[in-house]
Amino acid sequence: MTADQPLVLGIETSCDETGVGIVRGETLLVDAVASSVDEHARFGGVVPEVASRAHLEAMVPTIERACRESGVRLADLDAIAVTSGPGLAGALLVGVAAAKALAVGLGKPLYGVNHLASHVAVDVVEHGPLPEPCLALLVSGGHSSLLLVPDVTADVRPLGQTIDDAAGEAFDKVARVLGLPFPGGPYIDRAARDGQVAIDFPRGLTGGRDLERHRFDFSFSGLKTAVSRWVQLREQSGESVPVADVAASFQEAVVDVLTRKAVAACRSEGVDDLLIGGGVAANSRLRALAHERCDATGIRLRVPRPGLCTDNGAMVAALGAQMVARGVTPSALDLPADSSMPVTLVRA
Ligand code: KG4
Ligand code: ZN
């Protein structure tokens, strides 16, 4: 790390995490996150109004904490980066407003960045510069996408995405069916460790015409329905539900499809580097199976540590710092909070 590398503060508020990270070049200095996840738990999903209010309350304390813990003074920053979209409109607005205020107050350039691209960019703080191109599998509560990434600061191309539920959403919904808390991903991951892959649940869009038409797309809603129906039949017949086995079987169906399609996309595009990001990348079985399948096919795999896979501010700072380093033009000060920002738009 040298002082001539850009020092960037990143703000993330697209969902239920208020994240403020500071990066110098490719070095992470601090990653402060305040989560409102507990406030949503009793509703079984993120409530947008609750998330927005929590961001508002957490924003200034989280910025202060990031500065305190890193020893960085706001005046020393080279730029401010913020998630411009996609995400919950009201939640995004809080981060965008805070970032604009900082940029104007400090007289620094502002970068409004794409949330999905920053899930990819964050890996530089852990594993160094991204291979160009690389292929990215992004799996979170809101997204499941396969992306070809020639340049994360300027050129991200979608190869496929979910046509219904996101992978994380499927984890959360199935967890609910099994009586596990929200967000369900980590609970299913844990329950599955004690279970057997004993039930053959469907793998969406993996055969026949579905596969032809949706080669790199995903579908998890049929799987979710199949799990619900299986559990319901079991309950109706008065038998107990083997939660660990259902969790393991469901999880295997999801990660089988994700890794199969990611490897196929690498091969089809002639790319030897696969990066997995987003909250579901924290899943232990996904990480293990991805390693296994990448090793077998000669693909190099990069997965950030779990804390950098879930939403955070470091990812936004990391993408902002790469944009500054590459001389990307900053955003206009009237940049929008764009809830449906397309993945092809890396900088607002
Ligand atoms: O990236 P993220 O923090 O927020 C979004 O942008 O959506 O992802 C949150 C999602 C949730 O659906 C959560 O259940 C899932 O990531 N998740 C996991 C695990 N940890 C978090 N899913 C499966 N296994 C995990 N260990
Ligand atoms: Zn995310």
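## Zinc site and mixed sheet

The model is predicted, so local features need pLDDT of at least 70 and side-chain atom pairs pLDDT 80 or more, while totals for chains, interfaces and linings use all residues. Residues are numbered from 1 along each chain as its sequence is written, ligands are numbered from 1 in the order written, and side-chain values use heavy atoms, without hydrogens and water.

His115 (NE2), His119 (NE2) and Asp311 (OD) coordinate the zinc ion (ligand 2) at 2.1 to 2.2 Å; donors are N, O and S atoms within 2.8 Å of the metal (3.2 Å for Na, K and Ca), and water is not among the atoms, so sites may look incomplete. The donor residues are spaced H-x3-H-x191-D in sequence. Both histidines, His115 and His119, belong to helix H4 (residues 115–121) and are 4 residues apart, about one turn of the helix. Helices (H or I, at least four residues) and strands (E, at least two) are DSSP runs numbered from the N terminus.

| Residue | Relative accessible area |
|---|---|
| His119 | 1% |

An open sheet has 5 strands in the order S8-S7-S6-S9-S10, with mixed pairing; two strands pair if DSSP finds at least two bridges between them. Strands S8 (155–161) and S10 (300–302) stand at the edges with a single partner strand each, so one side of each lacks a neighbour in the sheet. Strands S6 (residues 134–139) and S9 (residues 273–277) pair in the parallel sense over 4 bridges, and Leu138 has Gly277 in S9 as its bridge partner.

Key: Buried means under 20% relative accessible area, exposed over 50%, partly exposed in between (1.4 Å probe, protein chains only).
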